[in-house]
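Hi,

Here is the structure I promised to pass on.

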Amino acid sequence: MLKVSIAMPVYNGGHYFELALQSALAQTYPNTEIVIVNDGSTDQGETASISEKYAAKYRHIKYIIQENRGAGGALNSALRVMTGDIFTWLSHDDLFEPNKTERQVLFFERLGKHNAMLFSDWTLIGSDGELLTEVVYDHSDLVEHPRSALLLGKINGITLFIPRFILEEFGGFDERYRFVQDYDLWRKVTTKYDFFHQPEKLIRYRSHPGQDSNKPGMVLEANELWIRMMDQCTAVERAQMFGSSYLFYRRIATYLAGSQCQIAKRHAEERAQHFFGAAQVSVVVAADTASPALATTLHSLKAQIPQRPEIIIADTSVLGLPEPITSQEVTRLVMPGVSAAEAMTRAVSACRGEYIAFARPGVTYVPDRLSRQMRSMQLAGRTISYTSFSTVLADEAPRADDAATQMVAARSDPSKFRLETLMVHRADALGGLGLDVWSDHDTFIFLARHAEPLFLPEPLALFPSGSGSVRGDR
């Protein structure tokens, strides 16, 4: 049977402390211990008197007295002496529901993950214990985007249920922080482990004038922490949470709008504006022959507005492409004899862009194709998109609005899907998408099964009449 430790840091707990301690003692789960840490209280011995009275009566209570080190220092002291498998935390002014521990043990065991960290919904109460509101999160959203819980402030530390070894692995709480030591540690542990939402209200969190969240130092630390948490997320992590870097920062800015962290809110708004339409795009060009049409495609890519993309040429020709071909904007990967699928996979891995598009010799694009497709993906929060395309005759200038062109909507005819209209976020290109099949039709079928790609009806790619497509393994 799992043993659960309840850490109780106390500083001048007053009458709230005894109520909190009684809620810990009322737990229906039998295998618990309570670790009270008197963090240098200056309340004429009131905290000490309550602690000593209950410690003398109940054998599963440990009582520690120390000089004031803040909540982080008190929690670290509890962590050092606790003997439980699981760490939980109860502040001196909050309350556990009687079945809190029992329900979390059951949920944890049903998950079957020894390194799962749990958090739950909760009830907000006032100074006198009156009900203010119930905080219930969207469970399905948190299942789909578990990392978003931390950045959107949904992890109430009093609801937590964490295997002790995880906290020990990351060195416990940073005592330099007096107010955000908990979120600072959760930020670290989520680089390796995941929080799981338990959709039950298991604690009562008290709002009153004397709590730490109302102290001036809290705002300073919280602003700095939120900026650091935002900016330490990679482009892949941002897309996995909210679909794009733009939506990532917009979502956090919206959350922070109702908080005291206005400096962090402005930072999020500025970063959102920065990423919108300005994220780098890489284009992989499949060139399995020394085709003179390559120059036409490169010219089209270099003419993209408002910014030029990074261009990676996957050259599998035995004879090699005509020189010069490599420049500041173009990188040529020479892979003679390598299969097209393998060459494209290597080229994708070499891309630096947040978004990756594809091309082949002879295919050209409207000047703002990459920008329009990327912005559409950013706004929609999609990591995969494709467009319609036009077919132009050999003796005509490649114009998207030419009356002789014919728009082909791949969505209505999958056999006419072209890889050259595809754009993916690197979160999919380098991970979940697994682009090792490079034939047009097979890729389309794979995309349809993998996700719901964003379709843009505009013909942004221009194909010469009678042209083939990028061929991979078929």
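Before the salt bridges, a word on what counts as one: a side-chain nitrogen of Lys or Arg has to sit within 4 Å of a carboxyl oxygen of Asp or Glu. Do keep in mind that this is a predicted model. On that criterion there are 21 salt bridges in the structure.

Let me go through some of them. Arginine 69 pairs with glutamate 175, and their closest N and O atoms are 2.7 Å apart. These two come from distant parts of the chain, 106 residues apart: arginine 69 is in the loop between β3 (61–66) and α3 (70–81), while glutamate 175 is in the loop between α7 (164–169) and α8 (181–189).

Next up is lysine 192, whose side chain meets that of glutamate 169 in a salt bridge (2.7 Å, N to O). Lysine 192 is in the loop between α8 and β9 (195–206) and glutamate 169 belongs to helix α7, so this pair ties together parts 23 residues apart in sequence. Glutamate 169 has 39% relative accessibility and therefore counts as partly exposed.

Then there is arginine 352 with glutamate 310, where the closest N and O atoms are 3.2 Å apart. Here the pair ties together parts 42 residues apart in sequence, because arginine 352 is in the loop between α14 (340–350) and β13 (355–359) and glutamate 310 is in strand β11 (residues 310–315). The two ends have these labels: arginine 352 counts as exposed at 59% relative accessibility, whereas glutamate 310 is buried, with a relative accessible area of 5%.

There is also a network: Asp184, Arg187, Lys188, Glu224 and Arg228 are joined into one by salt bridges that share partners.

Now to the sheets. Strand β4 (residues 86–89) runs antiparallel to β8, and two bridges join them.

The crossing of α1 past α2 is right-handed. Residues in this contact include Phe17, Leu21 and Leu25 of α1, and Ile50 and Tyr54 of α2.

The other sheet I looked at is open too, with four strands in the order β5-β9-β6-β7 and mixed pairing. β5 (95–96) and β7 (131–135) each have a single partner strand, so one side of each is left without a neighbour in the sheet. Two bridges pair β5 with β9 in the antiparallel sense, and leucine 95 stands opposite arginine 204 in β9.

Cheers

Terms used:
Residues numbered from 1 in each chain as written. Predicted model: local features only at pLDDT ≥ 70, side-chain atom pairs only at ≥ 80, totals over all residues. Heavy atoms only, no water. Buried < 20%, exposed > 50% of the residue type's maximum accessible area, 1.4 Å probe, protein only. Pairing = 2+ DSSP bridges. Left-handed = near helix turned anticlockwise from the far one by under 90°. Contact = heavy atoms within 4.5 Å.
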